[in-house]
Amino acid sequence: MTFHHAGVIGAGAWGTALAQVCARAGLQVTLQARETEVVASINDAHENALFLPGVTLEPTIRATADMSALADCDLILAVAPAQHLRSALAALAPHLKAGVPVVLCAKGVEQGSLKLMTEVAAETIPDAPIAVLSGPSFAGEVARGLPTAVTLACDDEELARVIAHAIATPTFRPYVAGDMIGAEAGGAVKNVLAIACGVVEGKGLGRSAHASVITRGFAELTRFAVALGARAETLNGLCGLGDLVLTCSSPQSRNMSVGLALGQGLTLEQALAGKLSVAEGVASAPAVRALARKLGVEVPICEAVAAILDGDLAVDAAIAGLLSRPLKSEGF
Ligand SMILES: NC(=O)C1=CN([C@@H]2O[C@H](COP(=O)(O)OP(=O)(O)OC[C@H]3O[C@@H](n4cnc5c(N)ncnc54)[C@H](O)[C@@H]3O)[C@@H](O)[C@H]2O)C=CC1
Ligand SMILES: O=C(CO)COP(=O)(O)O
């Protein structure tokens, strides 16, 4: 199987960056955007002025608002935000040819249904072969061609390899893996933990606290993913530890910057005011909490983040609550 024409759904920062990757990998690329001004900006100025300003895009990328324009594609990358993936895939479904693989690139858990993105895809495009792309990758860096490695997970090893080869470039390295649940759980939970790390930063709690939140957060993330059916070793890779370290370490992360604002005393409304871009952890935190409770998994940091976002717990009380938990073991 070889691919020639990639369709990318969602022209936010990440969809645009992935379109850029696919174009550099030599694929014809059609990028579907919701916003007509984004379509015009990409086609006329080779820039996504709304979601990825300042990056010159490959001139071969063609943008469209029309989902039916993806009907000729032999590979689809679905990059709508997690809470909108269901409607995006439903809109794609009538135009999706049999056997065309769909790579899920959103990082989140659907609110209400508490479903992972693979479960949303199973309900909306049940016959399509599915893969998951996740890992440490800031859209701006990827679009500029800075070196990046990600996880490309798929049940079908051969398909994972073919997709990885099709989208790889000299600076974009997909590592194949067989565990889609691990890849998507890692991507969803690290966003919630990045909000916690932002709070640590905003409150000035220091580097030691920051390292502790990453480490104990990683334990939470792994417990949660394993309870969902993931393999623990998947989370040691790019889609788990790799993405957690990236997102928790840079205010370039939208999730970390929301936490930073909360830690500095802003309300959630103030932290999100005027932002077009999505901080997935805000929507995923209550879903991760609800799913963890259902699975009987302890996720104290995610619980604290969800309660802060709900407005049910003040930041200082959340910090005091985490520090006063009974002492725990790292194993004997
Ligand atoms: N930006 C990044 O560096 C990375 C983002 N991701 C993930 O990619 C996904 C998309 O994020 P970005 O491209 O960064 O988005 P963005 O924050 O740049 O843009 C927002 C996106 O949401 C879309 N949107 C808004 N309302 C919508 C609706 N009602 N229905 C459908 N779409 C709607 C907009 O059209 C736009 O594509 C997220 O799950 C994110 O976690 C993953 C890796 C890196
Ligand atoms: O997923 C990302 C990096 O891998 C992007 O993180 P933010 O959505 O927090 O900016």
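Q: Which side chain has an N or O atom 2.5 Å from an oxygen atom of ligand 1?
A: A polar contact is a pair of N or O atoms within 3.5 Å. In this predicted model, the side chain of Glu280 has an N or O atom 2.5 Å from a ligand 1 oxygen. The backbone also takes part: a polar backbone atom of Ala13 is 2.7 Å from an oxygen of ligand 1, and one of Ala139 is 2.8 Å from an oxygen of that ligand.

Q: How much of the area of ligand 1 does the protein bury?
A: Compare the area of the ligand taken alone with the part that the protein covers. Ligand 1 taken alone exposes 830 Å², and the protein buries 87% of this area. As for location, ligand 1 sits in the largest pocket.

Q: Which residues come nearest to ligand 1?
A: The shell is the set of residues with a heavy atom within 4 Å of the ligand. There are 21 residues around ligand 1, and Ala13, Trp14, Glu35, Val278 and Glu280 come nearest. By class, this shell has 11 nonpolar, 5 polar and 5 charged residues.

Q: What polar contacts does ligand 2 have with Lys107, Gly135 and Arg254?
A: Read them by the protein atom involved. For Lys107, a side-chain N or O atom is 2.8 Å from an oxygen of ligand 2. For Arg254, a polar side-chain atom lies 2.7 Å from a ligand 2 oxygen. Gly135 uses a backbone N or O atom, 3.1 Å from an oxygen of ligand 2. Ligand 2 exposes 300 Å² when taken alone, of which the protein buries 92%. Ligand 2 sits in the largest pocket.

Q: How does the shell around ligand 2 divide by class?
A: It holds 3 nonpolar, 5 polar and 4 charged residues. Among them are Lys190, Asp243, Ser253 and Asn255. Helix 10 (238-247) and helix 11 (254-263) each supply at least two residues of this shell, and the largest share, 3 residues, is from helix 10.

Q: Why does ligand 2 lie between domain 1 and domain 2?
A: The test is which domains give residues to the shell. Ligand 2 lies between domain 1 (5-178) and domain 2 (181-324) because both give residues to its shell.

Notes. Residues are numbered from 1 along each chain as its sequence is written. Chains are lettered from A and ligands numbered from 1 in the order in which they are written. This is a predicted model: local features need pLDDT of at least 70, side-chain atom pairs count only at pLDDT 80 or more; totals for chains, interfaces and linings use all residues. Side-chain values use heavy atoms; hydrogens and water are left out. A polar contact is a pair of N or O atoms within 3.5 Å; within protein, one must be able to donate a hydrogen and the other to accept it, and residues adjacent in sequence count only if both atoms are side-chain atoms. Accessible areas come from the Shrake-Rupley method with a 1.4 Å probe; for residues, only the protein chains shown count as cover. On a 1 Å grid over the protein atoms alone, a cavity is a set of points where a 1.4 Å probe fits but cannot get out, and a pocket is an open set with protein on both sides within 12 Å along at least five of seven lines; lining residues have an atom within 4 Å of a point. A molecule sits in a cavity or pocket if more than half of its atoms lie within 2 Å of its grid points. Ala, Val, Leu, Ile, Met, Phe, Trp, Tyr, Cys and Pro count as nonpolar, Asp, Glu, Lys and Arg as charged, and the others, Gly among them, as polar. Helices (H or I, at least four residues) and strands (E, at least two) are DSSP runs, numbered from the N terminus. Domain bounds come from an automatic or database domain assignment.
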